[in-house]
Amino acid sequence: MQPEKNTENSIPATGDMANGTQTPAASPRSLDDPNATFEDLPYKPQLTEKQAKRANQTFKGMVLSIGFTVAILIPVLMLNPPPKDDAFESDVNLQATAEQTEQISGFEIFAPELGDKEYANFARWQANTAQGVPYWECGLVFEDKNFVWVRQAADANPTWIALITDAATPTETRTIGGAQWEVRIKDQSTYLISEFKDSTVVLSSDTSAEQLNSVAEQVASELD
């Protein structure tokens with residue numbers, strides 16, 4: 001009589017039965033093993049019918065919510081296209097504002113003619129100032145968004161100039177357009193200061209030294 005096999009301690013085997021070799025099947029990894037996968041679970045989780053139905057409803061709700069959001073967003077984007085850089089047109093009439101200002105300023109206002117892609121983004125007369133020095137100012141915007149700030153006063157004094165230039169440090173004197181300009185620098189800003197027959201002009205820019213010099217040449221040409 002052959003001995004009975006102990007099925008409780010038998011190990012499933014895999015391998016090539018033709019050559020008589022057998023390889024023990026890999027044991028499931030511990031769930032604490034970082035390399036454990038779904039196949040290492042001691043059981044295969046099954047969703048009940050209610051759980052499956054609820055999960056399906058949640059998925060459908062998510063899809064409907066995304067679709068509804070997209071349906072609202074598309075018309076909004078079509079009605080509000082992103083602004084184009086070249087679509088901006090300033091409504092500041094620099095020449096007209098300068099002419100009105102000259103009637104009360106008592107000196108010739110600097111307001112240059114601007115090209116097609118150039119404009120003034122502000123122009124005004126500052127009458128009630130904390131420094132007690134009324135002055136004309138305008139902002140000139142050129143191509144490549146270069147910006148020059150113009151300020152002009154008849155009664156300029158060292159205190160007003162220091163405040164206007166944010167206490168920038170004087171560095172040199174430079175001849176531009178035949179006029180002598182004091183150069184002051186503070187952080188990224190460069191200031192040019194010059195006295196003319198009836199006013200003092202302060203120019204500043206933090207975008208382009210070349211454009212700043214170009215405006216200084218215009219000032220010297222028109223006011224000197």
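The structure is a predicted model, in which local features need pLDDT of at least 70 and side-chain atom pairs count only at pLDDT 80 or more, while totals for chains, interfaces and linings use all residues. Residues are numbered from 1 along each chain as its sequence is written, and side-chain values use heavy atoms, with hydrogens and water left out.

**Overall fold**

The chain holds 4 helices and 9 strands, where helices (H or I, at least four residues) and strands (E, at least two) are DSSP runs numbered from the N terminus. Read from the N terminus, their order is β-β-α-α-β-β-β-α-β-β-β-β-α. Of the 224 residues, 27% count as buried; buried means under 20% relative accessible area, exposed over 50%, and partly exposed in between, with a 1.4 Å probe and protein chains only. Among contacts with a separation of 6 or more, 42% join residues 24 or more positions apart, a contact being heavy atoms within 4.5 Å. The accessible surface comes to about 16000 Å², and 51% of it belongs to carbon and sulfur atoms, as computed by the Shrake-Rupley method with a 1.4 Å probe, where for residues only the protein chains shown count as cover.

**Surface patches**

Patches are made of residues with over 30% relative accessible area and no salt bridge, like charges being joined within 9 Å and nonpolar side chains (Val, Leu, Ile, Met, Phe, Trp, Tyr) within 5 Å. M62, I66, V70 and I74 form a nonpolar patch with about 360 Å² of accessible area together. V70 belongs to helix α1 (residues 49-79) and counts as partly exposed because its relative accessibility is 40%.

A negative patch consists of E99, E102, E108, E113, D198 and E222; Asp and Glu count as negative, Lys and Arg as positive, and His and the chain ends are not counted. The place of a charge is taken as NZ of Lys, CZ of Arg, CG of Asp or CD of Glu. E222 lies in helix α4 (residues 209-223) and, at 35% relative accessibility, is partly exposed.

**Salt bridges**

A search of the whole structure finds 4 salt bridges, each a side-chain nitrogen of Lys or Arg within 4 Å of a carboxyl oxygen of Asp or Glu.

| Pair | N to O distance |
|---|---|
| E137 and R124 | 2.6 Å |
| R174 and E172 | 2.9 Å |
| R184 and E182 | 2.7 Å |

E137 is buried at 2% relative accessibility, whereas R124 is partly exposed at 38%.
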